[in-house]
Amino acid sequence: MPKIDPAVLKQVTVSLPFGIGSASWEADPTERHAAWELYIELVTRVAVQSMDSDLGTLREAMNSLYSLFGSTRDILRKAGPKVGASRDSVGGIAIAVLNNGLRPFLSKWHPLLQDWEVKRAEGISVQVHEKAWDMESTLRGDLEKLRGNLEQYAHALANIAGVQD
């Protein structure tokens, strides 16, 4: 017996990060399903969780953020054109988050971290080497700001999906 989509939203209004603003529209089941998949991808990533300075590595967080490009593309591709590409659609919001939020962050920090990583001496752990970087605390601060924006995005996705986050 087929399951019926229990989330019935007449209209959804969301506030979005990265200067995207807000959007309001009637989300259909395809958009709600895509929003749910995007939400799960986002909230289960290390980069979206608060990162204690003594735990994890910056590289792990950067890789996690970068992988959001592939998973977002896959979800949007699988959902098809019904998710839209306009400002007031799940597809348009996801694309804007990638291009306005993640891409500038990664474009700035990925090469800087990579330049530091190649200077690691043999026998020094990745964590110890990262801690010795003079830009480590600045990157962690920027990661925390990004995390706040991604939390806002996750909350919007939860609203679109019709779930509590």
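Helix axes are lines fitted to C-alpha atoms over the stretch in contact, and angles run from 0 to 180 degrees between N-to-C directions. Helices (H or I, at least four residues) and strands (E, at least two) are DSSP runs, numbered from the N terminus. The model is predicted: local features need pLDDT of at least 70, side-chain atom pairs count only at pLDDT 80 or more, and totals for chains, interfaces and linings use all residues. Residues are numbered from 1 along each chain as its sequence is written, and side-chain values use heavy atoms, with hydrogens and water left out.

Helix α2 (residues 58–79) packs with helix α3 (residues 90–117) at an angle of about 150°. Their axes are 10 Å apart. The two helices are therefore roughly antiparallel (angles over 145 degrees; under 35 is roughly parallel, 65 to 115 roughly perpendicular, the rest oblique). The contact of α2 with α3 comprises 15 nonpolar, four polar and three charged residues. Here Ala, Val, Leu, Ile, Met, Phe, Trp, Tyr, Cys and Pro count as nonpolar, Asp, Glu, Lys and Arg as charged, and the others, Gly among them, as polar.

Four aromatic pairs are present in the structure. Rings of Phe, Tyr and Trp (its six-membered ring) pair if their centres lie within 6.5 Å; planes under 30 degrees apart count as stacked, over 60 as edge-to-face and the rest as tilted. The Tyr66 and Phe69 rings have centres 6.2 Å apart and planes at 40°, so this pair is tilted. Both residues lie in α2, three residues apart, about one turn of the helix. Tyr66 is exposed, with a relative accessible area of 59%. Phe69 is buried, at 5%. Buried means under 20% relative accessible area, exposed over 50%, and partly exposed in between (1.4 Å probe, protein chains only).

Trp116 and Trp133 form a stacked pair, because their ring centres are 6.5 Å apart and their planes at 15°. Trp116 lies in α3 and Trp133 in the loop between α4 (126–131) and α5 (136–161), so the pair ties together parts 17 residues apart in sequence. Trp116 is buried, with a relative accessible area of 19%. Trp133 is buried too, at 6%. Trp109, Trp116 and Trp133 form one aromatic cluster.

Strand β1 (residues 12–16) has alternating side chains. Val12, Val14 and Leu16 point to one face and are buried. β1 runs antiparallel to strand β2 (residues 21–25), joined by five bridges; strands pair if DSSP finds at least two bridges between them. Gly21 in β2 is the bridge partner of Leu16. Four residues lie between the strands of this hairpin, where Phe18 takes a positive phi near 60°.
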